[in-house]
Amino acid sequence: WRFHLLGPKAIEGVCKLNAQLVTAKKGEEAGAKKLERWRKMPGWLVVTQHVPDDIRGTDMNQPEGVLREDYAACCCAVQNLCLSLYSEGIGTKWTT
């Protein structure tokens, strides 16, 4: 897994990209609201799954596959992080 604490420039890029996606789907007003709301988030942590070159292209639908197991483990790590932050009074939002 990789944990990335985003800086101001990256945060702005993510917010703008998300607003563009929402605008395309739901219109200008919805996109502007989303951009305003996301810009107010005090911090951004992005969690990714590292996929080694030797298993790229592996079928994610194989229940016994390493790729699927790693994905599930990454999700468990995010859930545990969210629970830990909640216990400290910090709100989180998990999105994919």
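Predicted model: local features only at pLDDT ≥ 70, side-chain atom pairs only at ≥ 80, totals over all residues.
Let's begin with helix 2. Helix 2 covers residues 28-39, twelve residues in total. From its first C-alpha to its last it reaches 16 Å, close to the 16 Å expected at 1.5 Å a residue. Which residues of helix 2 are buried? They are Gly 31, Leu 35 and Trp 38. Seen down the axis of helix 2, the buried residues fall within an arc of 75°, so they line one face of the helix. What covers them includes helix 1, residues 8-26. On the other side of helix 2, Glu 29 and Lys 33 are exposed.

Now to helix 3, residues 66-87. Helix 3 has 22 residues and reaches 31 Å between its first and last C-alpha, close to the 32 Å expected at 1.5 Å a residue. Its buried residues are Leu 67, Cys 74, Ala 77, Val 78 and Cys 82. Viewed down the axis of helix 3, these fall within an arc of 135°, so they too line one face of their helix. What do the buried residues of helix 3 pack against? They pack against strand 1 and strand 2, the latter being residues 45-48. The face turned away from the buried side carries Glu 69, Tyr 86 and Ser 87, which are exposed. After helix 3 comes Gly 89, with a positive phi near 80°.

Last, the surface. Trp 1, Phe 3, Leu 5 and Leu 45 make a nonpolar patch of about 450 Å². Leu 5 sits in strand 1, residues 2-5. Leu 5 is exposed, with a relative accessible area of 70%.

Terms used
Residues numbered from 1 in each chain as written. Heavy atoms only, no water. Helix = DSSP H or I, 4+ residues; strand = E, 2+ residues; numbered from the N terminus. Expected span 1.5 Å × (residues − 1). Buried < 20%, exposed > 50% of the residue type's maximum accessible area, 1.4 Å probe, protein only. Arc of directions from axis to C-beta. Contact = heavy atoms within 4.5 Å. Patch = residues over 30% accessible without salt bridge, like charges linked within 9 Å, V, L, I, M, F, W, Y side chains within 5 Å. Areas by Shrake-Rupley, 256 points an atom, 1.4 Å probe, with all protein chains shown as cover. Salt bridge = Lys/Arg side-chain N within 4 Å of Asp/Glu carboxyl O.
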